[in-house]
Amino acid sequence: MSNEPITLTAGDAEATVLPGNGGRIGGLRVGGTELLRQGDRYGCFPMVPWCGRIREGRFRDGAVVHQMPLNSPPHAIHGTARDAAWHTARTSENEAVLTYDLTGPWPYPGRVTQVVALAEDSLTLTMAVETYESSFPAQIGWHPWFNRTLGGGEGVTIDFAPAWQEERGDDHLPTGRRIDPEPGPWDDCFGMPGGVDVTLTWPGRLELKVTSPEEWVVVYDEQEAAVCVEPQTGPPNGLNTAPRLVTPLQPLEATTTWSWRRL
């Protein structure tokens, strides 16, 4: 199938999926109101095969050190899949299945599958990384850009209760120390061992909960136009500090759900 844009519908919810632009969700409208920041770099993109920054673009797998392109100097950021065209495996009225085959500069062969499932009151994203050859470390995450305001109303509030915050160094990477959560603004990674659970509230308009069984979430709210709540399978630089191994017998899988209600 082609990688043309896909429109999913369920009740008064509508999602646009863009296989040709990094497999991202290009838009999510509820009752005609757009929740995601618009633009080729925004919406919500999958972060794979790593999330956030890799220190100086280098990660170690056993005795081998691999160098990724420094697309956010002096680091490499957010994986390679967001810059690639994905393929549409199948679609229905409210679900799309996309695939992306890992290729250079990533040094290992593998396949990523993403399922986008829309319901009347939720959007669920599921991703898996598989390999039939060499085992390798990897991460999965999502990077949504939620509009700070909806139609000019009050700005969104972010409510969550993390167990810890990863101390952020001057290089924007975790230092390895866990600290008590600090007030925003944030460009920080937090630990939620019971699973990610973050509530976004646009007063008088909409409440949206971002949940995931994963225990890591990056929250970014330093931009005027949008805020980001990013569930992921490990912290930034996690290929070096907390790698998850993909093997021929064990894929890496993750999921997140955004559920909403009108206020």
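A: A residue is called buried when its relative accessible area is under 20%, exposed when it is over 50%, and partly exposed in between, using a 1.4 Å probe and the protein chains only. This is a predicted model, in which local features need pLDDT of at least 70 and side-chain atom pairs count only at pLDDT 80 or more, while totals for chains, interfaces and linings use all residues. Residues are numbered from 1 along each chain as its sequence is written, and side-chain values use heavy atoms, with hydrogens and water left out.

If a salt bridge is taken as a side-chain nitrogen of Lys or Arg within 4 Å of a carboxyl oxygen of Asp or Glu, the whole structure holds 12 of them. In one of these, Glu14 and Arg29 bring N and O to 2.9 Å; the pair links distant parts of the chain, 15 residues apart, with Glu14 in strand E2 (residues 13–18) and Arg29 in strand E3 (residues 24–30), strands being DSSP runs (E) of at least two residues, numbered from the N terminus. Glu14 is partly exposed, at 30% relative accessible area, whereas Arg29 is buried, at 17%. Arg29 also forms a salt bridge with Glu34, with the closest N and O atoms 3.0 Å apart, and here both partners are buried.

Asp197 is partly exposed at 35% relative accessibility, and Lys209 is partly exposed at 28%.

Definitions and conventions: Helix = DSSP H or I, 4+ residues; strand = E, 2+ residues; numbered from the N terminus.
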